[in-house]
Amino acid sequence: MLVYHLPGTFETREAHLDLLWEAGATGLEERAGLIRAYFDGREELPGEVADGEWRVETEQDWQAQFKATLKPVRAGRVTIVPPWLRHEVEDGQTALIIEPGMAFGTGHHATTRMAVEALSDLELGGKRVLDVGTGSGVLAIAAALLGADHATGLDIDPLTIPIAIENAEINGMLPGRVAFAEGSLGLGDELEDTFDVLIANLYAELHDLLAGEYAAALRPGGPLILTGILTGKLGLVRHALDREGFGSVSVREDGEWVMVTATAPAA
Ligand code: SAM
């Protein structure tokens, strides 16, 4: 089969998927930040998606190659692994098992890794955590494994919810500890409660839009962890946090990606 490999980012994926589809792809697949587009023959592709690579593969090649590239990812006290590498988690580390699939969040992206590290730095015992844009459920499950009393994961993409639930089950999380639902903040659905910690791996423009909702969903002084932010867009997020009265803003960078932490405004 003829497959076009295109590495991408969360921000570009939708546009790239549309362009590949329009260029005649017969199928599209995404795993761990890589788009794989199936074609019947080589096509002239538009410039935005032209820096990928054409490959002729068998189904077995792809599965084997994909599995071989995945390595355990260490993020603070947590090591994220696919099920077949669980034996590689070192003593003393908390194993977080994620079945790599269609939902974003295998731990191989810098933003997920930084977010799990930030959770790992908090004392989560007895806390209630909200994860907005949960994808594979990785951050909500990490929070529960690190001792949170309860973690809720929301995602606007309904396809992610069964994937997140399956990942929670693989990690032995009972439904009472983690819950996933289709939804978001700011869509008119009232959240029943406020949360002690809020984490969101989305993108800068969305953090700007949702900053007021983050303040409303958090208890006063509660930690906020935001990532998915490209370095060039950090100003937008800083400005939104100032506007909404967040304090103790601090920034961490990994390559082109930024994570921002802050504390919710006092009541
Ligand atoms: N939390 C996972 C992680 O850190 O690896 C996945 C993050 S992925 C970059 C962003 C997720 O947010 C996607 O699953 C996407 O469907 C979801 N999403 C996008 N816009 C959203 C919104 N307005 N509200 C809730 N989820 C959203």
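Reader: What makes the set around Ile80, Leu96 and Phe180 the largest nonpolar core?

Author: The largest nonpolar core has 36 residues, and those with the most contacts inside it are Ile80, Leu96, Leu119, Leu124, Val129 and Phe180. The term covers buried Ala, Val, Leu, Ile, Met, Phe, Trp, Tyr and Cys residues joined through side-chain atoms within 4.5 Å. Helix H4 (residues 138-145) gives the most to this core, with seven residues; helices are DSSP runs of H or I with at least four residues, strands are E runs of at least two, and both are numbered from the N terminus. A second, separate core of 25 residues includes Ala200, Leu241, Val258 and Ala262.

This is a predicted model, in which local features need pLDDT of at least 70 and side-chain atom pairs count only at pLDDT 80 or more, while totals for chains, interfaces and linings use all residues. Residues are numbered from 1 along each chain as its sequence is written, and side-chain values use heavy atoms, with hydrogens and water left out.

Reader: Why is Gln93 called buried?

Author: Its relative accessible area is 14%. Buried means under 20%, exposed over 50% and partly exposed in between (1.4 Å probe, protein chains only), so a residue at 14% is buried. Gln93 lies in the loop between strand E6 (78-81) and strand E7 (94-97).

Reader: What makes the pairing of Gln93 with Arg74 a polar contact?

Author: The side chains of Gln93 and Arg74 are joined at 3.4 Å. A polar contact is a pair of N or O atoms within 3.5 Å; within protein, one must be able to donate a hydrogen and the other to accept it, and residues adjacent in sequence count only if both atoms are side-chain atoms. The Gln93 side chain also reaches the backbone oxygen of Val78, at 3.3 Å.
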